[in-house]
Amino acid sequence: MYNLSRYNNCISLGWFCGTAAAMSYYGLRSHASPFDWCFSNFESVIKVIENNFFDFMKKENLRENGNNFFLDMKYGFRYPHDVDYNFNLEYPNIYKKYMRRVEYFKCSIKTPTCFIRTVKSAEEIKFIKEKRKYIYEVIKKENPDNEIIFLLLFNMQELPDDFLWFRLGINEYDTDSYKMRVMFDSSIIFSEFCRTEILSSDNIIRNKKFDIRNMKMRDTVFHLLFNVGEEELMSIFKKYYYNLDKEGIYLWGAGYYGKLVLDLFFKAGIKVNGIIDNDISKFGILYKGIKIIPFSDLKQDDQNIFIAVSAEEKIEEIEKQIIKSVFANISNLIEMCEYYKTKLIN
């Protein structure tokens, strides 16, 4: 009934960031679109497309909502990712960014496009059923071959057979960045459909390169943890440390990323000599059998040290602290993630 191999594009229609994140993971997303990184009602999404994005991101309709969120009062969208410090100062650049996404969206949907909408609620199911003709008129207005896939939670009421829909194997949506990226894995049927039926293999390869370039540090580390074998992991670390097998390594950082990188070391079979941290309240604590120690405990030169913190300025401070006291082979999380992303692309 459906021949999706004809499609040139696959575009997220929300309802939350997980749709675009999972599409990126599967190589279905080639560029940022207007509905990727916000919370949206489907009725409003369809209305915006129908209205050719009239008044979209118009400042008079936007309201700050605390914690650097802002709301679109006309369409009911909520944006959690676009403001760093000051909405009013940053608004001109935010507007330009979204207008670029709108123009790309308008251009893309003139060629065969497959939209994916993660269904928000039972109320949305009701709207989809009642407004089927209207929905399809809107999404096909630029190209009659455009199609939409609806994704439902496991416990949601099903849609009629004249819709293209799949049921995910989860009962609620999770906003954890890694769990969003692997959301489609919860459905064996849909995950296989993503790999074989939506876009050509050439398009998927190209889109995965786009995803890798934009992959955040946390996602890169999770990718290494869950998708890379022990030998390949060891080879990545050996790029920076010539004597790992003999000397092992010290991990600097007992925080969130330190714990993730420790799991990478364990997976690669690398001996961990200790976890270094500047927080005196952590000294002597064992994490997975490895003691957290002060840097002053390192007396010997020619040590391997991996700095597992995410802020570039903190890495620079730690490197200066190390260089003042010992000669060491030093690498860090940012350097490793960028190297691995380049390796994947090439």
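What lies over the face of Phe-163? Arg-132 does, at 5.2 Å from the ring centre. Before the close-ups, a word on the model: it is predicted, so local features need pLDDT of at least 70, side-chain atom pairs count only at pLDDT 80 or more, and totals for chains, interfaces and linings use all residues. Residues are numbered from 1 along each chain as its sequence is written, and side-chain values use heavy atoms, with hydrogens and water left out.

**View 1. Arg-78 has its charged end over the ring of Phe-39.** The distance to the ring centre is 4.5 Å. A charge sits over a ring if NZ of Lys or CZ of Arg is within 6 Å of the ring centre and within 35 degrees of the ring normal.

**View 2. Tyr-26 and Phe-184 make a tilted aromatic pair.** Their centres are 5.7 Å apart, with 45 degrees between the planes. Rings of Phe, Tyr and Trp (its six-membered ring) pair if their centres lie within 6.5 Å; planes under 30 degrees apart count as stacked, over 60 as edge-to-face and the rest as tilted. Tyr-26 sits in the loop between α1 and α2 (42-50) and Phe-184 in the loop between α6 and α7 (188-196), so the pair ties together parts 158 residues apart in sequence. Helices (H or I, at least four residues) and strands (E, at least two) are DSSP runs, numbered from the N terminus.

**View 3. Phe-42 and Phe-150 are both buried.** Buried means under 20% relative accessible area, exposed over 50%, partly exposed in between (1.4 Å probe, protein chains only). Phe-42 belongs to helix α2 and Phe-150 to strand β6 (residues 147-152), 108 residues apart.
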